[in-house]
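Here is a friendly briefing to read with the model open in your viewer. Take the topics in any order you like.

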Amino acid sequence: MNSSDWEKELEKVAREISAENFSAILSAEDLERLRIRFLGRKGSLTELLRSIKDLSIEERKLLAPKAQKIKSQLESQIAARIEEIEKLRFEKDINSQSLDLTLPPLSPLRGRFHPLTQMQNQMAHILGLMGFSWAEGPLIEDDEHNFTALNIPEHHSARDMLDTFYVEGSKVMRTHTSPVQIRAMRQKKPPFRIISPGRVFRHEAIDATHSAVFHQVEGLYVDKNVSFADLKGTLEEFLKALFGPEIKVRFRPSYFPFTEPSAEVDLSCLFCSGTGVGKDRHPCGICKKTGFIEILGAGMVHPNVFKAVGYDPEIWSGFAFGIGVERIAMLKWQIKDIRDFYQNDVRFLSQFKDAELPLFA
Ligand code: PHE
């Protein structure tokens, strides 16, 4: 094709395009058919543009911009028509449906933190004000961190206290947050205070007060001359900040391999105000008439634990504690079944309106 034939051909295509009545095209399919006719791989304009390579450079310089202009005009006509077709279709849809504009809208659900997260944050907040900083460790632990370094050697009967999920080899799902003590001590130089909130796992039968997955907040303070009085004072202050000054705290001698001496700490039962008798005048089933509920384990860091992390127990001393988050939350909000926390029933969860952080002036 010589250049004048080519130009004639272009004018012919342009005439064909202007002969099209775009506003008469009512469907996206028809519009697409038109596009393919001119701009498809074998479309007339496409083929013409392809054959421009047979012309000389000068002829191309002259004709190519003309052809490009026709092409881009067509493209924008098509795009504009697509929009109009969409709009027409939408209007048609709207008009064919009857809308009840009097129907009240669904109010959007507001997200909030899970009650256990709220409780954990509240605990961390109080302990943070007391100088404890946040530390974390893995959920899948090795035997060494979960047991051995915590003075629980292999074949020691203390391992039976903790119903362990074994993963593979020497890996376990951590049975408590205490392994984070080991990690923190190996990472840091004393003195320091850390808490480690997180999930723990025990192979347990599930009932109203037991879950195979639950949460603890571990605390550890290492310094010179730390005494049991420091431990008592810290925990009492913490519990009063959390539950109010009227609660009673009770320390009972206990045993943990990684602390000596060890204690279990009880809180006066908030269901019966420590009386052992419920509001219905029946014996309180929550504290089993004792007026107290066990909420945490604690003690002075055992010298063997210090040795396992390379601290000299003649120089360093410390206390540690492990608090059950569910226990605390159940007491605080008078929840009778631990399973409520995990069923994710919005009727339950939505009652916990992002807990106010305790005032601590
Ligand atoms: N790790 C213990 C448990 O899970 C709790 C604890 C922590 C006790 C720290 C003493 C010191 O039962």
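N344 sits in the loop between α10 and α11 (346–349). In this predicted model, phi of N344 is near 55 degrees, a positive value in a residue other than glycine. N344 counts as partly exposed because its relative accessibility is 49%.

**Other backbone features worth a look**

- S273 also has a positive phi, of about 50 degrees, although it is not a glycine.
- You will find S273 in the loop between β7 and β8, and with a relative accessible area of 59% it is exposed.
- P190 and P191 are joined by a cis peptide bond, with omega about 0 degrees.
- P191 belongs to the loop between α7 and β4.
- A cis peptide bond also runs from E260 to P261, where omega is near -5 degrees.
- P261, for its part, is found in strand β7.

- Helix α1 covers residues 3–19, and at 1.5 Å a residue its 17 residues should span 24 Å. The end C-alpha atoms of α1 are 24 Å apart, which agrees.
- Which residues of α1 are buried? They are W6, L10, V13 and I17.
- Looking down the axis of α1, you see its buried residues fall within an arc of 60 degrees, so they line one face of the helix.
- The background here is that an α-helix has 3.6 residues a turn, so residues three or four places apart point the same way.
- The face of α1 turned away from the buried side carries exposed residues, namely K8, R15, S18 and A19.
- The cover over the buried residues of α1 includes α2 (28–39), α3 (44–50) and α4 (57–96).

- W6 has its place in helix α1, and with a relative accessible area of 0% it is buried. The cut-off for buried is under 20%.
- Leaving aside residues up to four places away in sequence, W6 touches M1, L48, L49, S51, I52, L55, L63 and A67.
- How far apart are the C-alpha atoms of W6 and T209? They are separated by 88 Å, and the two residues are 203 residues apart along the chain.

**The largest pocket**

- The largest pocket has a volume of about 750 Å³.
- Its lining is made up of 36 residues, and R202, F214, Q216, F256 and E294 are the ones that lie nearest the centre.
- The elements giving two or more residues to this lining are β5 (213–223), β7 (259–268), β8 (292–301), β9 (317–324) and α10 (325–333).
- Which element gives the most to the lining of the largest pocket? That is β8, with 6 residues.
- Sorted by class, the lining of the largest pocket has 16 nonpolar, 12 polar and 8 charged residues.

**The second largest pocket**

- The second largest pocket holds about 310 Å³ of space.
- It is lined by 15 residues, with T209, I286, K288, I293 and R327 nearest its centre.
- At least two residues of this lining come from β8, and at least two from α10.
- By class, the lining of the second largest pocket has 8 nonpolar, 3 polar and 4 charged residues.

- Helix α7 spans residues 179–187, and its buried residues are P179, V180, Q181, I182, A184 and M185.
- What covers these buried residues of α7 includes β2 (140–142), α6, β4 (192–201), β5, α9 (303–308) and β9.

**T164 in its loop**

- T164 is located in the loop between α6 (143–146) and β3 (171–173).
- Is T164 buried or exposed? T164 counts as buried because its relative accessibility is 13%, and buried means under 20%.
- Apart from residues up to four places away in sequence, the contacts of T164 are F147, V172, M173, T175 and H203.

Technical notes. Residues are numbered from 1 along each chain as its sequence is written. This is a predicted model: local features need pLDDT of at least 70, side-chain atom pairs count only at pLDDT 80 or more; totals for chains, interfaces and linings use all residues. Side-chain values use heavy atoms; hydrogens and water are left out. On a 1 Å grid over the protein atoms alone, a cavity is a set of points where a 1.4 Å probe fits but cannot get out, and a pocket is an open set with protein on both sides within 12 Å along at least five of seven lines; lining residues have an atom within 4 Å of a point. Grid points are joined across faces, edges and corners, and a volume is the space filled by probe spheres set on the points. Helices (H or I, at least four residues) and strands (E, at least two) are DSSP runs, numbered from the N terminus. Ala, Val, Leu, Ile, Met, Phe, Trp, Tyr, Cys and Pro count as nonpolar, Asp, Glu, Lys and Arg as charged, and the others, Gly among them, as polar. The expected span of a helix is 1.5 Å times one less than its number of residues. Buried means under 20% relative accessible area, exposed over 50%, partly exposed in between (1.4 Å probe, protein chains only). The arc is that of the directions from the helix axis to the C-beta atoms. Contact means heavy atoms within 4.5 Å.
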